[in-house]
Amino acid sequence: MRLRSIPCFLALAALAAYAQAPAAAPLRGFPPDKWKAEHEREEQAKAVPQAERLRIYMDRMAAKPHHAGSAGSKAVADYLTAQLTEWGFDTHIETFQARPSDPAALAAAIERLSARGHAPAAAILDGLITSDGIADLDPGYVQDLVRLTHAAGGLWIADEVQAGHGRTGEFLWCFERFGVVPDLVTLGKPMGNGHPVAAVITRRDILAELVGHVTIFSTFGGNPVSAAAALAVLDVIDDERVLERVQRTGRALGTGLAELAAARPEIGDVRGVGLARGVEFVADPATREPDEARAQAVRDRMRELGVLVGTTGRHGNVLKIRPPLAFDEPHVPLLVDALDRAM
Ligand SMILES: Cc1ncc(COP(=O)(O)O)c(C=O)c1O
């Protein structure tokens, strides 16, 4: 107990000393001049409107577009791509529409890369398209994508950050639904069930290519506490037969949402699998014009009714229903009823 309190005491003492340091004599070299200049720019930025602030922020950001998911991140990705292109940087990235399921869209993206002199290094897919409206992808379609990628010399990355760890119910990993074998798999969010832990899994031969060429370094990588949390999650998935529960509950949820959609013309589509469901709102069932305002109003009203859902999709008009995997059959009517009342 005493030992544990020592670092805490030292940290407090350091903070107190820092707070008491006279303004003219800050800790030596801290903050660095570069930080001060940065701080001044931030202060100036506060004086300019939101859109201009975003532009300044993006100007400074040296990162690549992360995932062209929601309408917001799409706008950011588009902006960044345009900005980098304007500066004369080659972005090395192409995105493609996974819906409608046409492999030609990936072939065209590979073509665009090749026109800039690049062969694809890899293609990455979130098998549920969770951040872009939720989709039921056809196994044949995903197999075609993998074939195209491999034929062009690229690796296939299955992004299981949202879709993995039993979310879809039939299998532990979403890629298993498609009958494909990825070259790399990325894991995150549910991996520690709240504890921050993530992983990239790959084949030994791919890793061997990196050894000696690339330094892979991570300050907290391999943390035994995180590893214990991640292993405990796998144990619970086994011990509590989580996959069976997700299948059972997912079926009930799918049926409940489909019944509601049949009675509500403003629901243009219900899709998804297991405990990942999308409910698309349309202003007009004939034209399927997206109704973002309704989706957001329903989402906010559901929160007031005690049910947390999000919105997703290019137009933000799809409710993203992705409950914790502890969600069970008796909870389904609560959710469907709240959605009905919110509408
Ligand atoms: C589908 C998907 N993949 C990857 C990521 C990135 O995960 P992380 O925030 O752990 O880097 C996210 C995060 O939002 C995601 O939704």
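**The shell around the ligand**

Tutor: Nine residues surround the ligand, and the closest are D126, D159, V161, Q162 and G188; a residue counts as near a molecule if its C-beta atom, placed from the backbone, lies within 6 Å of it. The shell divides into two nonpolar, five polar and two charged residues, where Ala, Val, Leu, Ile, Met, Phe, Trp, Tyr, Cys and Pro count as nonpolar, Asp, Glu, Lys and Arg as charged, and the others, Gly among them, as polar. This is a predicted model, in which local features need pLDDT of at least 70 and side-chain atom pairs count only at pLDDT 80 or more, while totals for chains, interfaces and linings use all residues. Residues are numbered from 1 along each chain as its sequence is written.

Of the 343 residues of the protein, 27% count as buried, a residue being buried if 20 or more other C-beta atoms lie within 10 Å of its own, exposed if 12 or fewer, and partly exposed in between, with C-beta atoms placed from the backbone.

Most residues other than glycine have a negative phi. I129, in the loop between strand 1 (122-126) and helix 6 (139-151), has a phi near 45 degrees, a positive value in a residue other than glycine, and I129 is buried, with 24 other C-beta atoms within 10 Å. R241, in the loop between helix 8 (224-239) and helix 9 (242-263), likewise has a positive phi near 45 degrees, but R241 counts as exposed, with 12 C-beta neighbours inside 10 Å.

Finally, the axes of helix 10 (residues 292-304) and helix 11 (residues 332-342) come within 9 Å and cross at roughly 125 degrees, the axes being lines fitted to C-alpha atoms over the stretch in contact and angles running from 0 to 180 degrees between N-to-C directions. That makes helix 10 oblique to helix 11, since angles under 35 degrees count as roughly parallel, over 145 as roughly antiparallel, 65 to 115 as roughly perpendicular and the rest as oblique. V298, R301 and M302 in helix 10 meet A338, L339 and A342 in helix 11, contact requiring C-beta atoms, placed from the backbone, within 7 Å. The residues of this contact divide into five nonpolar, no polar and one charged.

Note on methods
Helix = DSSP H or I, 4+ residues; strand = E, 2+ residues; numbered from the N terminus. Contact = placed C-beta atoms within 7 Å.
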